[in-house]
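Thanks for coming. I will talk through one ligand site and then two residues beside it. Please have the sequence and the model open.

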Amino acid sequence: MAPARTGAWEDRNQENALAKIVVVTSGKGGVGKTTTSASFATGLAMRGHKTAVIDFDVGLRNLDLIMGCERRVVFDFVNVIQGEATLRQALIKDKQHENLYILAASQTRDKDALTADGVGRVLEEMSKEFEYIVCDSPAGIEKGAHLAMYHADEALVVTNPEVSSVRDSDRVLGLLSSKTRKAESGDGRVKEHLVLTRYNPARVAKGEMLSVDDVKEILAIPLLGVVPESQAVLTSSNAGTPVIVDKASDAGLAYDDVVARFLGEERAHRFLTAEKKGLLGRLFGP
Ligand SMILES: Nc1ncnc2c1ncn2[C@@H]1O[C@H](COP(=O)(O)OP(=O)(O)OP(=O)(O)O)[C@@H](O)[C@H]1O
Ligand SMILES: [Mg+2]
């Protein structure tokens, strides 16, 4: 019988405990997958869970920048797949968080460098070491995105409150229920979570963007969290620290809620309505 994939800390001590594999996916590009992967993985590690985050975006290395470890990348995911480095050599241990490791993407232009077999082998090996493996998917629904989602147990479907993003997320949901290991082997289904990012309540109120309820109704998957559009995201990524570390920021708190809910805590959703402006804001605001 296959070992249970509960991923709880105690399970590390049991033989054959396997990591829970979580893909961060979207279809549409530039919606906040890498931002979400970095904060989600960091949040899990901050709560004591041994976590690795893998950048599947071959050719467009990005995660290492947001995690602030770009100068420490010696070997990457493709090197491990091709046997040029061991996992131990390629995994970068985060400097701030004890339980956090990063596997960077390759800069190679060869999009075929990731193979289904190779990815499977590396994930299997990592599964013995980690509680959670977070897979940061590239944009689109082509091979790279497919490889990132194939082994997933759970999926964070990152969506922006706009029609094109919601439509692409809907296509991704179709793939999660048909083109994954779980779907193909009949071993249950990938558990889907909606993460609505770059949410701007003021623009929603003006009818310029879809509301949380609109998106929930169209995609019909459970809402894990809403991350507001926030200047703090850019400031944090420029500084090489995932925004979840910034507990004074709205986006940081929203990601902290996402992680807490993922781990089973009940937390009310916040940042869903526009802040009431003071008199000056009302007089001079947009
Ligand atoms: N909540 C947010 N508020 C403001 N800006 C954000 C937010 N989330 C992400 N961004 C910005 O959006 C841009 C795209 O984010 P990110 O790189 O995480 O997206 P992605 O989905 O990984 O993109 P790609 O599909 O190219 O991999 C970045 O400039 C990032 O700083
Ligand atoms: Mg990305």
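Which element gives the most to the shell around ligand 1? The answer is α1, with three residues. Keep in mind that this is a predicted model.

Now the shell itself. There are 15 residues around ligand 1, and those that come nearest are K33, T34, T35, R198 and S230. Sorted by class, the shell has six polar, five nonpolar and four charged residues.

Next, the polar atoms. The side chain of T35 has a polar atom 2.6 Å from an oxygen atom of ligand 1. On its own, ligand 1 has 630 Å² of accessible area, and the protein covers 81% of that. Two or more shell residues come from each of α1, residues 33–46, and β8, residues 223–228.

On the record side, an unreviewed UniProt entry lists K28, G29, G30, V31, G32, K33, T34 and T35 under "binding site".

Let me take two residues from that list. G32 sits in the loop between β1 and α1. Is G32 buried or exposed? It counts as buried, because its relative accessibility is 18% and the cut-off is under 20%. Beyond its sequence neighbours within four places, G32 is in contact with V158 and Y255.

T34 is in helix α1. T34 also counts as buried, at 14% relative accessibility. Setting aside neighbours within four places in sequence, its contacts are N62, L63, I66 and D136.

Technical notes. Residues are numbered from 1 along each chain as its sequence is written. Chains are lettered from A and ligands numbered from 1 in the order in which they are written. This is a predicted model: local features need pLDDT of at least 70, side-chain atom pairs count only at pLDDT 80 or more; totals for chains, interfaces and linings use all residues. Side-chain values use heavy atoms; hydrogens and water are left out. A residue is near a molecule or strand if one of its heavy atoms lies within 4 Å of it. A polar contact is a pair of N or O atoms within 3.5 Å; within protein, one must be able to donate a hydrogen and the other to accept it, and residues adjacent in sequence count only if both atoms are side-chain atoms. Accessible areas come from the Shrake-Rupley method with a 1.4 Å probe; for residues, only the protein chains shown count as cover. Helices (H or I, at least four residues) and strands (E, at least two) are DSSP runs, numbered from the N terminus. Ala, Val, Leu, Ile, Met, Phe, Trp, Tyr, Cys and Pro count as nonpolar, Asp, Glu, Lys and Arg as charged, and the others, Gly among them, as polar. UniProt positions are given in the numbering used here, feature names are shortened, and annotations may be inferred rather than shown by experiment. Buried means under 20% relative accessible area, exposed over 50%, partly exposed in between (1.4 Å probe, protein chains only). Contact means heavy atoms within 4.5 Å.
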